[in-house]
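Work through the exercises below with the coordinates open. Try each task before reading its solution.

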Amino acid sequence: MSAIKSTLAPDVLAVAVTFGANIKEARIARGWRQYDMAQRMLVSVPTLQAIEAGKVTVSLENYLRALDVLNMAEQIAAVASPHTDEEGRRLKSFGRVRI
């Protein structure tokens with residue numbers, strides 16, 4: 001089976017790896033084995049391993065499942081919040097964005 005080549009930029013892939021590592025660290029902080037968390041998420045251990053490795057081929061649904069099980073799902077809304085979108089505010093202030 002051949003590996004799927006991502007078209008994402010290397011810095012974006014690095015962010016995905018960090019995200020997965022953060023999920024892993026949160027799991028470990030709770031004292032859960034991968035099997036325990038996978039059971040709570042209703043996914044297989046290989047799926048959880050892919051999440052913890054930051055694989056971008058894993059569905060967003062499964063990343064959200066991981067966050068939900070960790071009681072961190074509400075934090076995902078802050079990721080694209082207009083309050084933290086400095087580039088969007090900058091462009092809007094220069095009149096480059098039509099609403």
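**Exercise 1.** Which residue just after helix 1 takes a positive phi?

Solution. G31 does, with a phi of about 75 degrees. The model is predicted: local features need pLDDT of at least 70, side-chain atom pairs count only at pLDDT 80 or more, and totals for chains, interfaces and linings use all residues. Residues are numbered from 1 along each chain as its sequence is written, and side-chain values use heavy atoms, without hydrogens and water.

**Exercise 2.** Check the span of helix 1 (residues 10-29).

Solution. Helices are DSSP runs of H or I, at least four residues, numbered from the N terminus. Take 1.5 Å times one less than the number of residues. For the 20 residues of helix 1 this gives 28 Å. The end C-alpha atoms are 28 Å apart, which agrees.

**Exercise 3.** Find the buried face of helix 1.

Solution. Buried means under 20% relative accessible area, exposed over 50% (1.4 Å probe, protein chains only). A16, G20, I23, A26 and R27 are buried. Seen down the axis of helix 1, the buried residues fall within an arc of 120 degrees, so they line one face. The arc uses directions from the helix axis to the C-beta atoms. On the other side, P10, D11, V15, E25 and A29 are exposed. The cover over the buried residues includes helix 2 (34-41), helix 3 (45-52) and helix 4 (60-69).

**Exercise 4.** Is N62 buried or exposed?

Solution. N62 lies in helix 4. Its relative accessible area is 16%, so N62 is buried. Not counting residues up to four places away in sequence, N62 touches M41, V43, T47 and I51 (contact: heavy atoms within 4.5 Å).

Key:
Helices (H or I, at least four residues) and strands (E, at least two) are DSSP runs, numbered from the N terminus.
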